[in-house]
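Subject: Handing over the structure, with notes on what was found

Hello,

I am passing on the structure that we spoke about, and below it you will find my notes, written so that you can follow them with the model open beside you.

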Amino acid sequence: MANYHNLSNVFTTTETSLSNTLFKSPPFHSFTALILEISPNPFPNTMAQELNVIKNNTINLETPIFDPEFETFRSRFNSDHIYVAGHVLVYPSYNGFFEKPGLYLDQLFVRTCYRGLGFGKMLFSAVASQAANNGMGMVDWLVADWNEKSMKFYDKMGAHYIPQYKLCKLYGEKLQQYANISP
Ligand SMILES: CC(C)(COP(=O)(O)OP(=O)(O)OC[C@H]1O[C@@H](n2cnc3c(N)ncnc32)[C@H](O)[C@@H]1OP(=O)(O)O)[C@@H](O)C(=O)NCCC(=O)NCCS
């Protein structure tokens, strides 16, 4: 995802940082990663017992998919023909303008060879249905202004765009300058 956005210069995530912050609480209660795993075979029953499985779907393909990186993306759960095809991060959000809290969606990504098959919609729907079914008021996220393909996808998902806002971030040295200032 950092490569896709040409942001590898600001990318500081590590395996340790991810395992320290994700998968610590039940899905959607804090920082949560939803991992989309796919298999040509039915998933083993033990998978649902051991993992927080949100949804199990079957799709019928017209042509087989060739995944050139399947070795790298073998499932950690069970490497037998189960592969990671995409992911999304999500966490609770709040905006004082709105009556109800929501979910913030980040890093929605479907690996190239799996695009156009409904997997992005599956990930997005898992997040949006969680918000709608739990009395939340919104799902929000950012999309880069050059990312027209994703905007077309988000159009299909029902997105509204709010052009009057710009993203602001304080990070790195600029944030550290505040470290020794008493509030
Ligand atoms: C954006 C992304 C997640 C979409 O995933 P996907 O699996 O290819 O999308 P789906 O197959 O689920 O498509 C769902 C719908 O969006 C439409 N859609 C998806 N990409 C589209 C595109 N580039 N142009 C037009 N429509 C598109 C599909 O036609 C489909 O429409 P339908 O429901 O009417 O059939 C994927 O392309 C991706 O990972 N892109 C790179 C990373 C990225 O930009 N992430 C978003 C960061 S903000």
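Is Y165 buried or exposed? Y165 is exposed, because its relative accessible area is 59%, where buried means under 20% relative accessible area, exposed means over 50%, and partly exposed lies in between, with a 1.4 Å probe and protein chains only as cover.

Before going further, please keep in mind that this is a predicted model, in which local features need pLDDT of at least 70 and side-chain atom pairs count only at pLDDT 80 or more, while totals for chains, interfaces and linings use all residues. Residues are numbered from 1 along each chain as its sequence is written, and side-chain values use heavy atoms, with hydrogens and water left out.

The surface around Y165

Y165 sits in the loop between α4 (148-157) and α5 (173-176); here helices are DSSP runs of H or I with at least four residues, strands are DSSP runs of E with at least two, and both are numbered from the N terminus. Together with F97, F98 and I162, Y165 makes a nonpolar surface patch of about 540 Å². Such patches are made of residues with over 30% relative accessible area and no salt bridge, with like charges joined within 9 Å and nonpolar side chains (Val, Leu, Ile, Met, Phe, Trp, Tyr) joined within 5 Å, and the areas come from the Shrake-Rupley method with a 1.4 Å probe, where for residues only the protein chains shown count as cover.

The strands

β1 (32-38) is mostly covered, with six of its seven residues buried, and seven bridges join β1 to β2 in an antiparallel arrangement; two strands are said to pair if DSSP finds at least two bridges between them. Within this pairing, T32 has V90 in β2 as its bridge partner. β2 and β3 also run antiparallel and are joined by seven bridges, and here P92 has L103 in β3 as its bridge partner. β3 is mostly covered too, since seven of its nine residues are buried, and β3 pairs in the parallel sense with strand β4 (residues 138-140) over three bridges. In β4, D140 stands opposite Y104.

The nonpolar core

The largest nonpolar core has 22 residues, of which L34, V88, L105, Y114, L123, V127 and Y154 touch the most other members. The elements that give two or more residues to this core are β1, β2 (83-93), β3 (102-110) and α3 (119-133), and α3 gives the most, with six residues. A nonpolar core is a set of buried Ala, Val, Leu, Ile, Met, Phe, Trp, Tyr and Cys residues joined through side-chain atoms within 4.5 Å. If neighbours within four places in sequence are left aside, Y154 is in contact (heavy atoms within 4.5 Å) with L105, L108, F124, W141, V143, A159 and Y161.

A131 lies in helix α3 and counts as buried, because its relative accessibility is 3%. Not counting residues up to four places away in sequence, A131 touches L103, M136, M138 and V139.

The salt bridges

The structure holds four salt bridges, a salt bridge being a side-chain nitrogen of Lys or Arg within 4 Å of a carboxyl oxygen of Asp or Glu. One of them joins R76 to E15, with the closest N and O atoms 3.3 Å apart; this pair links distant parts of the chain, 61 residues apart, with R76 in the loop between α2 (45-50) and β2 and E15 in helix α1 (residues 15-21). Both R76 and E15 are exposed.

By contrast, D67 and R111 are both buried, and their side chains meet in a salt bridge at 2.7 Å, N to O. The side chains of E69 and R111 also meet in a salt bridge, at 3.8 Å, N to O, with E69 in the loop between α2 and β2 and R111 in the loop between β3 and α3, 42 residues apart. E69 counts as partly exposed because its relative accessibility is 41%. Salt bridges that share partners join D67, E69 and R111 into one network.

With best wishes for your reading
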